[in-house]
Amino acid sequence: MPDTDTLSAEDTKLVTLARSARARVGAAEGAAVRDQDGRTYAAATVTLPSLSVTALQLAVASAVASGAKLIEAAAVVTETAALEPAGQAAVRDLAAEAPIHVADPTGSLCGTVTA
């Protein structure tokens with residue numbers, strides 16, 4: 001379960017959605033974002049011969065395709081210790097300081113990036 005002592009209920013939901021997206025397809029990463037209206041979008045890493053998209057990039061793209069103008073918060077579940085730059089840049093395109101929570105596959109929070 002996500003570390004609920006340091007995350008709000010809404011951010012805990014993002015970690016849970018990201019974990020589920022990752023597990024569903026056995027992807028390297030799962031991600032979820034929440035837009036200005038409280039809608040959530042979850043995605044997993046896509047790696048095809050002709051297309052590679054990080055989970056966070058895909059979650060942001062799904063939000064934008066649904067009309068989102070702002071990302072309030074994001075979460076990434078990954079086995080790596082660092083947040084990948086392409087996904088972070090996608091979030092920053094819509095929100096300069098939205099928190100991006102990074103959790104391990106068990107849902108334990110590793111850290112939060114705000115800039």
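## Close-up views: salt bridges and nonpolar cores

The structure holds five salt bridges; a salt bridge is a side-chain nitrogen of Lys or Arg within 4 Å of a carboxyl oxygen of Asp or Glu. The model is predicted: local features need pLDDT of at least 70, side-chain atom pairs count only at pLDDT 80 or more, and totals for chains, interfaces and linings use all residues. Residues are numbered from 1 along each chain as its sequence is written, and side-chain values use heavy atoms, with hydrogens and water left out.

**View 1. Glu 79 and Arg 22 form a salt bridge.** The N to O distance is 2.8 Å. The pair links distant parts of the chain, 57 residues apart. Glu 79 lies in the loop between strand E5 (71–78) and helix H3 (85–94). Arg 22 belongs to helix H1 (residues 9–25). Helices (H or I, at least four residues) and strands (E, at least two) are DSSP runs, numbered from the N terminus. Glu 79 is exposed at 63% relative accessibility, whereas Arg 22 is buried at 15%. Buried means under 20% relative accessible area, exposed over 50%, and partly exposed in between (1.4 Å probe, protein chains only).

**View 2. Glu 72 and Arg 34 join two strands by a salt bridge.** Their closest N and O atoms are 3.1 Å apart. Glu 72 sits in strand E5, Arg 34 in strand E1 (residues 29–35), 38 residues apart. Glu 72 is partly exposed, at 34% relative accessibility. Arg 34 is buried, at 9%. Asp 11 is linked with Arg 34 and Glu 72 in a network of salt bridges.

**View 3. Arg 39 meets Asp 35 in a salt bridge.** The N to O distance is 2.8 Å. Arg 39 is partly exposed, at 34% relative accessibility. Asp 35 is buried, at 0%.

**View 4. The largest nonpolar core has 20 residues.** Such a core is a set of buried Ala, Val, Leu, Ile, Met, Phe, Trp, Tyr and Cys residues joined through side-chain atoms within 4.5 Å. Val 33, Leu 56, Val 91 and Ile 100 touch the most other members. E1, strand E2 (40–44), helix H2 (55–65), E5, H3 and strand E6 (100–103) each give two or more residues. H2 supplies the largest share, five residues.

**View 5. Ile 100 and its contacts.** Contact means heavy atoms within 4.5 Å. Leaving aside neighbours within four places in sequence, the partners of Ile 100 include Leu 56, Ala 74, Val 76, Leu 83 and Val 91. Gln 88, Arg 92 and Thr 112 are also among them. A second, separate core has nine residues, including Leu 14, Ala 73, Val 77 and Ala 103.
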